[in-house]
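Good morning, everyone. Today I would like to talk about pockets, so please look at the model while I go through them.

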Amino acid sequence: MVTKDKNVPSGASTEEPEKTVEDRIELLRKRRKASLTPGGRDSAKKQHDRGKLTARERLDILMDTGSFVETDPFAIHRAHDFGMDRKRPPGDGVVTGYGTIDGRKVFVASQDFTVFGGSMGEVMAQKVCKVMDLAISTGAPFISINDSGGARIQEGSASLAGYGYIFERNVRASGVIPQISVIMGPCAGGAVYSPAITDFTFMVKETSHMFITGPEVIKSVTGEDVSMEELGGAMTHATKSGVASFIGEDDEDVLQRVRYLLSFLPSNNLEDPPAYAATDDPDRLADALTHLVPDRAKEPYDMHEVIRYVVDDGEFLEVFPLWAMNVVTGFARLDGHSVGVIANQPKVLSGTLDIDASEKASRFVRFCDAFNMPILTLVDVPGFLPGTTQELNGIIRHGAKLLYAYAEATVPRMTVITRKAYGGAYLVMNSKHLRADVSFAWPTAEIAVMGAEGAVNVVFRKEIEKAADPAAKKAELIKEYRDKFSTPYAAAERGFIDDVIEPAETRKRLIQAMRMLSTKREAVPARKHGNIPL
């Protein structure tokens with residue numbers, strides 16, 4: 001039975017009057033204003049006091065001015081336990097959306113540490129997954145800015161499920177769109193696996209940290225006493241673990257580096273990398289390369305110099321510059337086109353391949369192949385690093401990864417042998433025998449099973465021992481071995497290299513080769529995927 005309010009005139013409605021358009025617009029403005037500072041008025045200051053920018057300030061630097069379009073700014077968590085019903089900030093701790101970088105579309109998710117410590121909850125995960133799905137379906141890079149205390153404890157298993165949904169999309173997007181993780185605060189526990197799957201990880205010195213278990217847990221379990229910086233700081237991951245591809249001095253520095261990296265990368269696996277009008281003469285000779293390689297085989301030189309003299313304007317973006325430094329990886333341009341560069345570094349461990357170098361190079365090769373980027377390999381490798389530590393930790397398996405990566409790659413592949421190319425290490429460094437498209441050698445190249453001295457010691461040991469002057473006999477045999485076997489012309493006679501070229505003309509010959517290979521199409525057998533020796 002409906003009772004009538006005596007204070008309401010007959011025929012009048014008891015319902016609240018409808019809001020005018022102006023009222024609704026005012027409400028919208030209030031909610032938008034609240035979503036801009038969900039952590040409160042003092043939240044930005046607290047973030048700045050930590051040496052960090054806010055989630056939105058980071059996007060202002062990363063994206064082209066005025067291009068960012070936010071998605072789900074009014075999303076609110078649905079948890080009600082542990083007092084969560086009294087704290088329901090809009091956006092739920094992450095700013096998501098899309099915009100442009102240098103005019104090219106990208107999707108982003110920037111965690112907001114001022115809201116629940118940037119912790120992962122169900123709604124936050126839904127927001128992130130939504131923009132990841134859009135990035136995959138529209139063929140645009142995805143950038144995740146991480147600044148989070150981890151899983152949101154108040155939401156229990158829903159928080160863990162959120163991580164799982166993101167990981168699944170990371171895997172699905174791998175090799176389809178570039179994925180970049182930017183660590184700008186804590187990133188702990190299960191949260192670290194998303195950056196581990198993505199293509200590149202950036203970290204900020206002193207303010208970003210990554211680890212599975214923190215210092216307190218480690219101390220309680222193992223008794224080890226370690227600081228956050230030693231355990232998971234930027235320098236640790238850039239020099240020891242190989243987790244951080246790049247590091248920067250502060251938030252702004254890192255975000256500018258992200259923009260620069262994207263200038264080399266295509267938006268997706270169906271596009272070619274961006275090309276620019278070349279400002280460097282394609283026929284330029286690099287006379288400085290003529291005398292760069294020392295006469296003495298054991299004397300080091302810096303492979304970075306070779307790269308700078310060969311590529312456009314000497315511009316080279318090195319990936320993992322502080323980890324596994326006996327191999328150099330990075331991006332450059334030839335004739336205005338992006339190329340991936342892999343090179344042995346004679347200055348570090350004589351350029352030998354070890355476990356870390358093999359891992360570093362093989363993953364880089366696979367990235368370039370996935371995203372249609374030609375690969376340039378510069379070879380000066382005396383072999384795999386010997387020793388029980390390497391053997392017992394699986395140098396066979398890890399070295400096979402590099403062999404597999406090169407053999408599987410279908411993009412244009414060019415090789416230049418500058419000096420040593422010995423044994424199995426020669427084979428795995430994009431040799432002609434792994435179907436390299438073009439292989440050049442400098443006159444200083446030595447292509448052989450092993451170095452002349454080692455070969456002579458094995459083959460002619462008894463003859464040297466019986467000689468009247470063993471030292472003179474050994475020197476004679478070493479010279480004979482070099483003339484017959486170590487010379488690049490012996491390999492050229494068999495077609496194992498395409499030409500012996502003057503060092504000064506390396507750039508010109510590589511650009512000619514790349515232009516020739518620009519229409520390369522290689523058919524591969526039908527299969528679900530190979531079984532790389534992980």
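Which element gives the largest share of the lining of the second largest pocket? That share, three residues, comes from H20, where helices (H or I, at least four residues) and strands (E, at least two) are DSSP runs, numbered from the N terminus. Please keep in mind that this is a predicted model, in which local features need pLDDT of at least 70 and side-chain atom pairs count only at pLDDT 80 or more, while totals for chains, interfaces and linings use all residues. Residues are numbered from 1 along each chain as its sequence is written, and side-chain values use heavy atoms, with hydrogens and water left out.

On a 1 Å grid over the protein atoms alone, a pocket is an open set of points where a 1.4 Å probe fits, with protein on both sides within 12 Å along at least five of seven lines, and lining residues have an atom within 4 Å of a point. Points are joined across faces, edges and corners, and a volume is the space filled by probe spheres set on them.

The second largest pocket has a volume of about 650 Å³, and among the 23 residues that line it, Asp272, Asn372, Pro412, Ser518 and Arg521 are the closest to its centre. Besides helix H20 (506-517), strand E12 (337-344) and H12 each give two or more residues to this lining.

The largest pocket has a volume of about 1700 Å³ and is lined by 50 residues, with Ser174, Arg363, Arg366, Ile532 and Leu534 nearest its centre. Here H12 gives the most, nine residues.
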